[in-house]
Amino acid sequence: MKALVRTLLAATLLSASLAQAVEVAGIDFAPQTQVDNGTLSLNGAGLRTRLTFKVYAMGLYLRSPSTSSADILQDGGEKRIRIVMIRDLDGKQFADAMLDGLKRNHDDETLAALKPSIDALLAAVQDSGEANAGTEVILDRLANGATRLLINGQPQGSDIADPAFYPALLRIWLGERPADSGLKASLLKPAQ
């Protein structure tokens, strides 16, 4: 009985904490957003740093809150990654960082199977030009399993149909070798 009460209390606190906007390095993350026809809630938000430099703020939106990367990766529903650049990068630097994150969290066989999707996303990111401070990058998993890239609200390239691709992208931040372990922890805890 005590375990049930603790679980219900934790769920209530988690829901309450997600009801307010969250600020990360001066970037606001709304408590909810829409993807397709689904309403998603902010699961967590944090800061990507490299060495001592702030690179970007990131928020993860899900249909239901979760503290488990495995559960998030297995969930086939709509999701949103929202990244707002804090430092100036060009499209190639950002694409190279994404490719490095994919390589760190997947074996060669998986990367080969995902190659057409990886190539399409990286080309769209590079073609977008510079990702100056303030640039917003959104990666949505749509209801049909496709991945959509938006930069400053504008779709880039075509939707990527492979339903295995979005979980692969999420592993950049939620995988066993995340881009930033502090960011991973922030994405997996209730937004404060």
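## Exercises on a predicted model

By the ring-pairing rule, the count comes to 1 aromatic pair. The model is predicted.

**Exercise 1.** Classify the pair formed by the rings of Tyr56 and Phe94: what are the distance of their centres and the angle of their planes?

*Solution.* 
- Step 1. Take the distance. The ring centres of Tyr56 and Phe94 lie 6.2 Å apart. Rings pair if their centres are within 6.5 Å.
- Step 2. Take the angle. The two planes stand at 80°. Over 60 degrees counts as edge-to-face, so Tyr56 and Phe94 make an edge-to-face pair.
- Step 3. Place the residues. Tyr56 belongs to strand 5 and Phe94 to helix 3, so the pair ties together parts 38 residues apart in sequence.

**Exercise 2.** Work out how helix 3 and helix 4 pack, and which residues of the two helices meet.

*Solution.* 
- Step 1. Find the geometry. Helix 3 (residues 91-104) packs on helix 4 (residues 108-127) at about 160°, and the axes are 9 Å apart.
- Step 2. Name the orientation. Angles over 145 degrees count as roughly antiparallel; helix 3 and helix 4 are therefore roughly antiparallel.
- Step 3. The crossing of helix 3 and helix 4 is right-handed.
- Step 4. List the contact. Helix 3 brings residues including Phe94, Met98 and Leu102. Helix 4 brings residues including Leu111, Ile118 and Leu122.
- Step 5. Sort the contact residues. They divide into 10 nonpolar, 2 polar and 2 charged.

**Exercise 3.** Trace the sheet: in what order do the strands run, and which strands stand at the edges?

*Solution.* 
- Step 1. Read the order. 7 strands form an open sheet, ordered 3-4-5-6-9-10-11, with antiparallel pairing.
- Step 2. Find the edges. Strand 3 and strand 11 (154-155) each have a single partner strand, so one side of each is left without a neighbour in the sheet.
- Step 3. Helix 5 (residues 165-174) lies across strands 5, 6, 9 and 10, at about 50° to strand 6.

**Exercise 4.** Describe the two hairpins that involve strand 4: how many bridges join each pair of strands, and which residue in each hairpin has a positive phi?

*Solution.* 
- Step 1. Start with strand 3 (residues 32-35) and strand 4 (residues 38-50). They pair over 4 bridges in the antiparallel sense. Thr33 stands opposite Leu40.
- Step 2. Look at their turn. There are 2 residues between the strands, and Asp36 takes a positive phi near 55°.
- Step 3. Move to strand 4 and strand 5 (residues 53-62). This antiparallel pairing has 9 bridges. Arg50 partners Phe53, and Gly44 partners Leu60.
- Step 4. Look at the turn between strand 4 and strand 5. It has 2 residues between the strands, and Leu51 has a positive phi of about 60°.

How values were computed:
Residues numbered from 1 in each chain as written. Predicted model: local features only at pLDDT ≥ 70, side-chain atom pairs only at ≥ 80, totals over all residues. Heavy atoms only, no water. Pairing = 2+ DSSP bridges. Axes fitted to C-alpha atoms, helices over the stretch in contact; angles between N-to-C directions. Parallel < 35°, antiparallel > 145°, perpendicular 65-115°, else oblique. Left-handed = near helix turned anticlockwise from the far one by under 90°. Contact = heavy atoms within 4.5 Å. Nonpolar A, V, L, I, M, F, W, Y, C, P; charged D, E, K, R; others polar. Phe/Tyr/Trp six-rings, centres within 6.5 Å; stacked < 30°, edge-to-face > 60°.
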